[in-house]
Amino acid sequence: AALVTIDVQRDTLDDQPFEIPGTSQALPQISALCAAFRSRALPIVHVLRIYLPDGSNAELCRRDAIAKGARLFLRGTQGREVAPELLPADAPLPNDDLLLSGALQSVGPAESYIYKSRWGAFYQTQLEQHLRELNVSTIVLAGCNYPNCIRATTYEASERDFRVVATTDGISNFTLNGWHELRSIGINVLSTDECLAALQAAHV
């Protein structure tokens, strides 16, 4: 199994330029998952956005706003950094040039950053190749936020025949309707505590 966190970046947290309600509240649960995967040397991938100031690499619906000065996940700014609660103490800052080139950046043993340019984390990225090389068959998803990037990534993972676990309390804006939607396509919907218990049982 691998843990994949989506867009849990400083700009999405409470009182920040691109605050996504519920993301700060999900931090303790996502942090607990990171610690559990890290302690078992299981893969972790932190997926993040990095927008160029002219908006040229953003989705069409955000491109104009960024070009006009909206400060969202901008290259070189603190706001594009992954929330520190999710990272090891000695984690490096994102290497914008490396990530924008499509390469993965090592964060620690079995832990990486990867940049995505659109909603889904598999779209024109090395995520699938990276997970296949690690013989990953199950992805645990957490992060920000269900209607957009989590939902798109879940469907992309399912289309690639990964087993997927979506964490009810580790995803912002994840509603009961979302749980039903994902269960209808065979996604496992579990709380963080249930995920941690499953990890413990598998690694006794």
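Predicted model: local features only at pLDDT ≥ 70, side-chain atom pairs only at ≥ 80, totals over all residues.
**Ground rules.** Local features need pLDDT of at least 70 and side-chain atom pairs count only at pLDDT 80 or more, while totals for chains, interfaces and linings use all residues. Residues are numbered from 1 along each chain as its sequence is written, and side-chain values use heavy atoms, with hydrogens and water left out.

**Rings.** I searched the whole structure for aromatic pairs and got five. For Phe, Tyr and Trp (its six-membered ring), a pair needs centres within 6.5 Å; planes under 30 degrees apart are stacked, over 60 edge-to-face, and the rest tilted. I looked up Phe174 and Trp179: they are edge-to-face, 6.1 Å centre to centre with 65° between the planes. Buried or exposed, I asked of Phe174? Phe174 is buried, at 10% relative accessible area, whereas Trp179 is partly exposed at 24%. (Buried is under 20% relative accessible area, exposed over 50%, partly exposed in between, using a 1.4 Å probe and protein chains only.) I also noted one aromatic cluster made of Phe18, Tyr51 and Phe73.

Next I checked Arg132: its charged end sits over the ring of Phe162, 4.0 Å from the ring's centre. That label needs NZ of Lys or CZ of Arg within 6 Å of the ring centre and within 35 degrees of the ring normal.

**Cavity.** Both searches run on a 1 Å grid over the protein atoms alone: in a cavity a 1.4 Å probe fits but cannot get out, a pocket is an open set with protein on both sides within 12 Å along at least five of seven lines, and lining residues have an atom within 4 Å of a point. Volume is the space filled by probe spheres set on the points, which are joined across faces, edges and corners. I found one cavity of 30 Å³ or more. The largest cavity holds about 70 Å³, and its lining includes Phe18 and Phe73 from the cluster, as well as Asn145.

I then followed Asn145, which is in the loop between strand E5 (138-143) and helix H5 (146-159). (Helices, H or I with at least four residues, and strands, E with at least two, are DSSP runs numbered from the N terminus.) Asn145 is buried at 10%. Beyond its neighbours within four places in sequence, Asn145 is in contact (heavy atoms within 4.5 Å) with Ile20, Ile150, Ser172 and Asn173.

The largest pocket has a volume of about 230 Å³. It has 15 lining residues, with Ala1, Thr138, Val140, Val165 and Ala198 closest to its centre. Which element gives the largest share of the lining? H7 does, with four residues.
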